Amino acid sequence: MSTSLTQRPAPLGNTKLTQRRLPGWTPAAAAVVAIALGSGIGLAFDISSRLQWGLMAVIIFVAGMYALSAGVEGRRQAKDRLATSLVWAAFILAVLPLFGLIWFTVAKGIGVINANFLTHSMNGVLATDTNGGLYHALIGSLEQVGLATAFAAPVGILTAVYLVEYGRGRLRSAVTFFVDVMTGVPSIVAGLFVLSLWIMILNMPFTGFAGAIALAILMLPTVVRSTEEMLKLVPNELREASLALGVPKWLTVIRIVLPTALGGIVTGVMLAIARVAGETAPVLLLVFGFDGINANPFSGAQSNLPLYVYQQYSLGTDASQARAWGGALVLIVVVMLLNLVARGIARWKAPKAAR
Amino acid sequence: MAKRIDVSGLNAYYGTFRAVEDISMTVEPRSVTAFIGPSGCGKSTFLRTLNRMHEVIPGARVEGKVMLDDENLYGGGVDPVAVRRTVGMVFQRPNPFPTMSIRENVAAGLRLNGVRNKKVIDEAVERSLMGANLWNEVKDRLDRPGAGLSGGQQQRLCIARAIAVEPQVLLMDEPCSALDPISTLAIEDLIGQLKERFTIVIVTHNMQQAARVSDRTAFFNLAAVGQPGRLIEIDATEKIFSNPSVQATEDYISGRFG
């Protein structure tokens with residue numbers, strides 16, 4: 001017994017608790033040096049693409065931080081630095097295109113935005129004219145997406161309620177399967193489906209409503225999936241607490257489960273709206289694009305913002321391309337406004353946890 | 001308003017697995033009956049058969065008779081929703097509704113069952129919170145969220161919510177297991193007061209608690225893991241804790257088991 005006690009293994013590595021550390025400003029300094037080096041190499045070797053300069057700077061930064069840390073702080077800290085710098089690099093690579101896109105759209109589109117642009121249609125405006133606007137497309141977009149949401153949101157949320165709260169066995173798996181299949185339907189296929197069924201077989205005219213049907217088909221799986229996930233997150237204890245109070249199941253779902261999940265459901269519906277608001281293909285097939293103002297989605301061709309952007313850009317004149325950028329900017333702003341409103345509603349109605 | 005529960009030949013299943021086997025017992029009105037026993041012996045499952053909450057779990061079913069005075073809870077034409085209004089339940093973890101304020105939580109049972117009269121609801125809220133010894137702590141902040149209270153307060157809020165619908169019987173499934181000793185004491189005191197008005201059944205792992213709060217104690221056990229749980233004996237609490245009739249009970253209570 002006593003002999004085995006004397007053969008204790010030596011403690012792992014250094015027993016001192018303090019170690020050499022790089023100062024806190026090292027990553028920032030390394031980033032500056034890496035950018036300088038990346039630009040320097042780019043200039044020296046006459047590389048024209050700024051993207052390649054940036055990529056070289058990122059690689060130099062990640063490798064440099066690892067080498068520096070391995071030299072001063074040891075291997076374990078070096079691995080930690082490596083992971084941290086990779087996460088930062090990935091974050092910057094992801095955010096740069098986003099900022100670039102917004103900056104580009106604002107820079108190119110802000111010039112044409114004025115009261116005239118927002119309140120006039122393209123009726124009788126030539127491609128080379130600098131007046132004209134997107135009022136007709138804005139109306140079309142809002143009406144078509146609104147109709148699609150009015151159809152897809154209730155149906156989608158109720159489908160998710162069925163899947164989570166009521167569904168059992170075969171029917172449940174079948175519904176889940178078809179929702180998964182619908183997720184993969186390309187927008188042009190949804191457009192062709194509505195075109196062949198609604199317009200060719202049922203002989204209906206090209207209208208904003210026909211476009212809304214296709215958009216609703218595209219929204220449905222997103223709404224079902226996200227709502228389903230949010231309903232699954234509602235703790236079972238809340239359902240049981242409500243049932244144990246003698247509240248019927250349907251009322252439990254409406255008054256307890258859905259309000260608890262409301263924030264997530266609203267976010268899911270907003271994602272679906274954001275997705276279909278930018279759809280061009282089904283709109284091209286079904287709404288047909290009309291340069292005048294038609295506020296009635298149930299009769300006659302309409303326009304739509306993505307379609308407007310597409311048409312204006314393909315006209316190819318300076319004036320029309322400026323209008324296309326303006327349309328893109330308005331589309332982004334509209335989706336963002338809808339998003340903010342929905343988030344406001346979700347926050348207002350969200351579970352009142354201790355803040 | 002308190003009612004007697006008379007169980008005979010009750011079996012509870014999860015799918016094909018029999019969790020509770022052949023239980024017969026009587027729960028006296030206006031008294032506290034405690035269920036004790038090792039984990040997995042079917043105490044909670046049996047408790048949930050007393051207000052038809054067992055069948056909420058998919059695949060779960062019950063055989064046998066549960067008489068509430070002269071009505072069989074499992075008889076033909078019995079509405080489980082009506083049963084749950086008569087037999088209320090408090091759960092192991094406090095579960096106030098997160099979207100609702102303190103007032104709305106207590107009023108939830110009444111509101112969701114169609115009571116609209118504001119005066120009736122306000123009176124019920126005050127009465128129930130007083131009944132749950134919570135009124136003085138929350139009367140100035142009834143419109144704050146219920147989830148912002150401490151754990152012990154949340155559990156008393158849940159008790160207030162359960163008694164607001166004026167049930168005949170109150171089932172408590174380890175109501176103090178997530179609480180500190182002071183909150184536990186508050187709830188035990190409350191149980192002592194509530195038994196004047198309700199028939200109370202409480203599941204607990206804490207034998208001192210069973211000895212402190214209950215009038216009668218039922219000991220459950222299971223022969224082995226995977227076997228159904230059974231009722232070993234039920235008797236007056238003093239008798240169970242001083243001189244039980246079955247050796248297994250004495251072994252469990254004195255810490256010698258297995």
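This is a predicted model: local features need pLDDT of at least 70, side-chain atom pairs count only at pLDDT 80 or more; totals for chains, interfaces and linings use all residues.
**Figure 1. Strands S9 (residues 216–222) and S10 (residues 229–236) of chain B run antiparallel, paired over seven bridges.** Here, two strands pair if DSSP finds at least two bridges between them. Helices and strands themselves are DSSP runs numbered from the N terminus: H or I with at least four residues for helices, E with at least two for strands.

Residues are numbered from 1 along each chain as its sequence is written, with chains lettered from A and ligands numbered from 1 in the order in which they are written.

**Figure 2. Chain B, whole.** Ten helices and ten strands make up the secondary structure of chain B. Taken along the principal axes, its C-alpha atoms fill a box of roughly 55 × 45 × 30 Å. The radius of gyration of chain B is 18 Å, which agrees with the value near 18 Å for a compact globule of 258 residues; it is taken over C-alpha atoms, and the globule rule is 2.2 Å times the number of residues to the power 0.38. Of those 258 residues, 47% are buried. Buried means 20 or more other C-beta atoms within 10 Å of the residue's own, exposed means 12 or fewer, and partly exposed is in between, with C-beta atoms placed from the backbone.

**Figure 3. Met172(B) in strand S7 (residues 169–173) of chain B.** Is this residue buried or exposed? Met172(B) is buried, because 28 other C-beta atoms lie within 10 Å. Setting aside residues up to four places away in sequence, Met172(B) touches Val90(B), Ile200(B), Val201(B), Ile202(B) and Val203(B); a contact means that the two C-beta atoms, placed from the backbone, lie within 7 Å. Met172(B) and Ser44(B) are 128 residues apart along the chain, yet their C-alpha atoms are separated by 9.2 Å.

**Figure 4. Inside the nonpolar cores.** The largest core holds 139 residues, and Met219(A) and Leu170(B) have the most contacts inside it. A core is a set of buried Ala, Val, Leu, Ile, Met, Phe, Trp, Tyr and Cys residues joined through C-beta atoms within 7 Å. Helix H9 (residues 208–233) of chain A gives this core its largest share, 15 residues. Beyond its neighbours within four places in sequence, Leu170(B) contacts Gly88(B), Val90(B), Ala162(B), Ile163(B), Leu194(B), Phe198(B) and Ile200(B). There is also a second, separate core of eight residues, with Ala30(A), Ala31(A), Phe61(A) and Met65(A) among them.

**Figure 5. Where chain A meets chain B.** Chain B puts 26 residues into the contact and chain A puts in 20. On the chain B side, H2, S6 and helix H3 (102–112) each give two or more residues, and H2(B) supplies the largest share, four. That side of chain B splits into 14 nonpolar, eight polar and four charged residues. Here Ala, Val, Leu, Ile, Met, Phe, Trp, Tyr, Cys and Pro count as nonpolar, Asp, Glu, Lys and Arg as charged, and the others, Gly among them, as polar.

**Figure 6. Helix H10 (residues 236–244) of chain A and what packs on it.** Arg239(A), Ala241(A), Ser242(A), Leu243(A) and Ala244(A) are buried in H10(A). What do the buried residues of H10(A) pack against? They meet helix H11 (249–277) of chain A, plus helix H2 (80–86) and strand S6 (87–90) of chain B. Just past H10(A), Gly246(A) has a positive phi of about 80°.

**Figure 7. Chain A and its two domains.** Chain A has 14 helices and zero strands. Domain 1 covers 22–110 and domain 2 covers 135–349, with bounds from an automatic or database domain assignment. Their C-alpha centres lie 39 Å apart. Five residues of domain 1 of chain A contact five of domain 2 of chain A, and the domain 1 side of that contact consists of two nonpolar, two polar and one charged residue.
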